[in-house]
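Please examine the sequence and the model shown here before reading the report that follows.

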Amino acid sequence: LAKRVQGTEKNVWVDISKLAVEQNSINLGQGFPDFMAPHDIVNCLKDTVNSDSPAVHQYARSFGHPRLVKALAELYEPFLGRQIDPMTEILISVGAYGALFCVIQGLVNPGDEVIIIEPFFDCYQPMVKAAGGTPVFVPLRPTKDGSVTSSADWKLDEGELSSKFNSKTKLIIVNTPNNPLGKVFTREELLVIANLCKKHDVVCVADEVYEWMTYNGNQHIKIATLPDMWERTVTIGSAGKTFSVTGWKIGWTVGPQHLVNCAQIMHQNCTYNCPTPIQEAVARGLELEKSRLGSPGSYLISLAASLKPKRDKLASVLEEVGMKPVIPEGGYFMMADYTSMEADVPESDEAKDFRFSKWMTINKKLTVIPPSAFYCKEHEHMAENYVRFCFIKEDSTLEKAANVLRHWK
Ligand code: PMP
Ligand code: GLN
């Protein structure tokens with residue numbers, strides 16, 4: 001095994017998803033819907049395939065199918081408050097994973113430091129290491145205690161955050177709405193980060209794959225729109241998350257040419273391009289969304305509205321059984337403190353939340369994700385009393401999970 005990937009052999013999605021399949025459990029683990037994808041987007045793919053266009057089955061333009069990058073530019077222009085050049089300021093990748101990979105590989109030199117906010121989407125750490133960079137971690141800390149708390153109660157300590165910036169810092173990765181917490185960073189919080197980026201000449205990687213999913217009026221703020229941040233921010237999105245089609249694996253990076261081009265250079269010698277029919281279908285879906293944005297038919301708006309009752313149902317069940325949920329302001333995951341549940345968890349050298357999650361899959365046939373996977377080794381203990389539930393599931397699936405929790409003994 002090559003040195004640059006040594007130490008990254010274990011992967012929480014590979015392990016827990018395999019166990020869930022083996023145990024045929026109720027799967028509230030990996031984040032994907034268990035219901036049919038929206039008809040409109042599926043029809044976009046059907047229409048694409050039925051269009052009899054020879055080109056749609058052949059290689060796409062390397063940096064993104066023209067119709068898709070144009071649709072993205074048009075969708076995002078009003079949200080970014082500027083014109084976007086679809087050819088030079090956007091890159092299409094294999095999922096947001098591909099976007100993160102090309103951005104990190106394209107921008108990080110050996111010895112550079114990358115600030116990662118905990119809990120973080122787990123691939124950031126191995127990707128930074130594979131680029132020769134040094135991940136520097138700064139945790140969000142819960143500021144309240146109680147049976148029910150909010151992701152808004154998890155905050156960065158400003159002094160601690162600023163102490164992590166220095167002349168070696170190249171990037172900071174900011175994931176809002178955050179996976180796994182569901183925290184939606186406020187304008188004030190993002191301003192603190194933005195000011196540090198400007199002071200230390202640091203690029204911000206804004207992972208915004210859950211941008212359309214916020215609840216209770218919490219507004220998703222794009223850090224790229226804060227003063228003088230466009231020039232130093234790349235924003236990453238995902239068709240899989242936007243349209244509830246996680247199997248389509250199309251992601252994008254939007255930002256100034258001088259940064260996006262670094263990712264494009266990586267991409268052109270890596271996967272080179274992405275599947276044309278899927279890009280064409282996503283383009284058609286975005287055009288449709290653009291035409292009905294703000295109207296009740298908008299999927300991007302109705303998605304959050306349909307997720308909110310699922311979030312509330314899961315939270316009330318968790319509270320009822322004595323787990324302490326952290327109510328997410330956005331995204332489709334919920335962390336909960338499981339320690340009041342009686343469990344005969346075997347001893348091993350794995351983290352406690354891993355042992356509990358595996359035990360629950362095997363013994364209760366309910367799968368969740370152990371969130372210490374979202375922390376560096378030194379900070380794993382911060383997550384050991386929590387598990388992460390995914391709630392973009394059929395109501396009947398959530399009900400089955402509720403039954404397991406209610407009839408625990
Ligand atoms: N970033 C975050 C925060 C995620 O939760 C995910 C998982 N969807 C990704 C990136 C990767 O997205 P994709 O499935 O589009 O590769
Ligand atoms: N982002 C999703 C999650 O957090 C899926 C992760 C994955 O596919 N590796 O569950």
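In which loop is Phe120 found?

## Basis of the model

This is a predicted model, in which local features need pLDDT of at least 70 and side-chain atom pairs count only at pLDDT 80 or more, while totals for chains, interfaces and linings use all residues. Residues are numbered from 1 along each chain as its sequence is written, and chains are lettered from A and ligands numbered from 1 in the order in which they are written.

## Phe120

Phe120 is found in the loop between β3 (113-118) and α5 (124-130), where helices (H or I, at least four residues) and strands (E, at least two) are DSSP runs, numbered from the N terminus. Phe120 is buried, with 25 other C-beta atoms within 10 Å; the term requires 20 or more such atoms, against 12 or fewer for exposed and values in between for partly exposed, with C-beta atoms placed from the backbone.

Leaving out residues up to four places away in sequence, Phe120 touches Ile173, Asn175 and Phe374, contact being C-beta atoms, placed from the backbone, within 7 Å. The C-alpha atoms of Phe120 and Asn179 are separated by 6.6 Å, although these residues lie 59 residues apart along the chain.

Apart from neighbours within four places in sequence, Phe389 is in contact with Leu28, Leu314, Phe333, Met334, Ala336 and Val368.

Conventions: Two residues are in contact if their C-beta atoms, placed from the backbone, lie within 7 Å.
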